[in-house]
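Dear colleague,

My notes on it come after.

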Amino acid sequence: MQLHDDTSIREGVDRETVDAVRSVGERYKYGFSTSIDTEYAPQGLNEDIVRLISDKNGEPEWLTEWRLTAYRRWLQMEEPSWAMVHYPEIDFQTQYYYARPKSMTVKPKSLDEVDPELLATYEKLGIPLKEQMILAGVEGAGDTPVEGRKVAVDAVFDSVSVGTTFKAELAKAGVIFCSISEAVREHPELVKKYLGSVVPQSDNFYATLNSAVFSDGSFVYVPPGVRCPMELSTYFRINAENTGQFERTLIIADKGAYVSYLEGCTAPMRDTTQLHAAVVEIVALDDAEVKYSTVQNWYPGDENGKGGIYNFVTKRADCRGDRSKVSWTQVETGSAVTWKYPSCILRGDESQGEFYSIAIANNHQQADTGTKMVHLGRNTRSRIVSKGISAGVAQNTYRGLVSMHPKAKNSRNYTQCDSLLIGDKCGAHTVPYIECRNNSSRVEHEATTSKVDDEQLFYCRQRGMDEEEAVALVVNGFCREVLQALPMEFAMEAQKLVAISLEGSVG
Amino acid sequence: MAVPALKLDGAQTLLAAAPEPSGEASWARSVRQAAARRLAERGAPVRRDEYWRYTDPQSLTCQPPVAAAPFENDEAPLFGGADRLKLVFVDGVFSRELSDPVELEGIEIQPLSEALSTDIHWARELFGVLEARGQTPVDRPMAALNTARATEGFAIRVHGRPGKPVNFVYLHEDALSDAMVHNIVRVEAGADFTLLENGPAAARFNKVLEVDVADDGAFHHVRAQGRDHERRAVTGTFARLGARSTFKSFTLTVNGRLTRNECVVEFTGDDGIAHVAGACVGEGDFRHDDTVFVTHDAVNCESRQVFKKVLRSGAMGIFQGKILVKPDAQKTDGYQISQGLLLDDDSQFLAKPELEIYADDVACSHGSTCGAVDETLLFYLRSRGVSRGEAEELLVLAFLDEAIAEIEDPALADDIRARLAAWLARRRR
């Protein structure tokens, strides 16, 4: 699609929107693959593979056993079928559960020793693994130093963490930010204490699978009273073929701590589907606050629904302490199939949970996503804002639970979930569960489903925009509430993604 | 996924507990057998089923039923003042002595057993047909059981505009009664019919109502499930709507150990209107479950679901509502509201309001809220000299009124309002 430069001059149309619309013409641009020597674990899954993964990570005996317990439990579990997603049966024995670039066999001591090919890959993704002032996710920012906040990055490539930036500076503040395998070696007491304490080994089918075979992921510990001096981020990249990524992230914010964590993900374009089953656990103690933002842009498959990532993710935060707060913000634009419900257990009194989500499904994508807010403590509050957009022949489902337990006196929930349909072949669904078990709490839920308003489109077109441009503007307006909740670095990227994902959905 | 043995065995137990009807026409026999097969294959309801997660069906399926002493009611019967054709069932068995003569101008009315023993009968197009359609995508095993076994009930065919409504009155006398009633109503093109139902019915009551409204027809349904503290009931209303037709159903439920009202509505003709509403007041060991499924399969139809529940002393209110808009059902206007008012801390309100939408030119919305009586409103009333009890009562009535307002006939609506006000006032004394 061609847009003229003078578009930006028009009144009421900001630069971002124009840029967003401009990139509509672009294809999935993270679809390249890196040819790199990769070492695989044998195909399939059995106890030996679990042991092998554990061994590769140099894990202590207790963790190997922990994995095996999960694996044995997993064998007895059935794949859930309640989500409104349909895909061919997954043969778990044809997957590879561990893939590591050969150059990572001996863990590099610093980023300077990392295979340049790997660094180049991240560079190409717009994530330079250099310790400089960068605005992550903004292209070109790496070349021209911009006045911006620092962002520490943990880069995960297939099954291993390639490197983590700003570690020394973070350590000065007392913040531990490293890959989970490193944390197991360096901080076993913390890992042992918190791993599986939010998402137990046998929580659900995919989480249990993850518990058995998880490879790398990030570990964050923010000590009491520390406000993490910079944003932390993890960038997940699947590169190897037929390989699943099973990362595990554990974030602990001790009393009075604050951390903002960003997560990004991409994968190459391939004809075969790939599995991604991650687990994220967050623990927030008294007065702690964690802000977790995701821009999920896994390869969604082509226009005919071929290939793409199956994204089965369990994310849960335990607001264990009084007055703790966890905020989930997600922009879900990628993946062929998404099955993801970031949740908050509001255990501490006066704790707060937030969930802001934009889920976009185009072509043959299917998304079943939402949240759970479980209110256990008194005076707890939660807020859910979910925007679902369906286009092409995609199916988009919001599924959420708000539960007020009898002891959660004076708690509040507000839920708003809106769906937007673009085209008459797609579907938008809402499946909320609302459970109120005491009368001093208030629960409010509202949901709407509509198509892009003809009047708004007409208004835009009347002012000279073409249809695709007009739709992008209306959609951006529809999502604004959630986009505003994202950290600045992500908001711009997300805004662009919103437009890209809807490519070709008009007309 | 294979049906668990527990469900399959449960289905066999249910089928074995009720005698197989005999002496019926061959078409009726095959409808019965198909229904029994549906139940046998899909199994009895269990707590693990998605649509039974909030209501334990055990007391609806157990054999024999749990005893429920009839409640001595000193109130004047509801709808007593209305000009109506009164047909009385005692513990689910039709009583000719207590009823008016079974005839009314403008309708054909016949006991179900008679219709089912006639070889050529219009009921063939309806009996068990809508119930069977209503079994997908969600199983309704208790309704299948009803089609397979129920012999009581009426077959009504409406041609014009009968001068008065038909009123089914269900009396409960036997503490161990386990009743099944199946009514079918066919509203012919352009006809208009009102059905009233009231009474506690039985210790355990399984009722199915199949309503087929032809083009331009209208069906009005006002139901009051009586004040009978220990009764249990599971009902299934299945409606199919033709073009420009109207279906309005309102249910008032007050007490009763367990009530599960399922309502399945399907639009098959364009420009139809369906309103399903319910007001419920529960206290103590009371569980009330409304499960509604509206399917839009035609253009420019309007559906409304309005459910209000006032709960206290451990009562539990459940709402599971769904609007399904099929791909060609453009211009759909779907609305759903479910609200719980909890008068104390022991009560619970559980809701699952669902939307499943495959058409783009639609406006569908739902809202669900739950909370206590608004203190600001209470304060306002009290500052004007209204006592706390009275103020709360006023607010409860106002809260329920949105559902009652769905009743089209103002006299019937006032009947319901007066009844509610009297109950609340009595409680205060």
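Predicted model: local features only at pLDDT ≥ 70, side-chain atom pairs only at ≥ 80, totals over all residues.

Two packed helices are described by the angle between their axes and the distance between the axes. In chain A, the axes of helix 9 (residues 454-462) and helix 10 (residues 467-483) come within 9 Å and cross at roughly 125°. Because angles over 145 degrees would count as roughly antiparallel and those from 65 to 115 as roughly perpendicular, helix 9 of chain A is oblique to helix 10 of chain A. The crossing of helix 9 of chain A with helix 10 of chain A is right-handed. On the side of helix 9 of chain A, the residues that take part are A:Gln456, A:Leu457, A:Cys460 and A:Arg461, and they meet A:Glu467, A:Ala470, A:Val471, A:Leu473 and A:Val474 in helix 10 of chain A. By class, the residues of this contact comprise six nonpolar, one polar and two charged.

Turning to the two chains, 30 residues of chain A are in contact with 34 residues of chain B. On the side of chain A that touches chain B, the elements giving two or more residues are strand 23 (427-436) and strand 24 (442-451) of chain A, and that side has 10 nonpolar, 13 polar and seven charged residues. Strand 24 of chain A runs antiparallel to strand 19 (residues 363-371) of chain B, to which seven bridges join it, and A:Thr448 stands opposite B:Ser365 in strand 19 of chain B.

Notes. Residues numbered from 1 in each chain as written. Chains lettered and ligands numbered in written order. Axes fitted to C-alpha atoms, helices over the stretch in contact; angles between N-to-C directions. Helix = DSSP H or I, 4+ residues; strand = E, 2+ residues; numbered from the N terminus. Parallel < 35°, antiparallel > 145°, perpendicular 65-115°, else oblique. Left-handed = near helix turned anticlockwise from the far one by under 90°. Contact = placed C-beta atoms within 7 Å. Nonpolar A, V, L, I, M, F, W, Y, C, P; charged D, E, K, R; others polar. Pairing = 2+ DSSP bridges.
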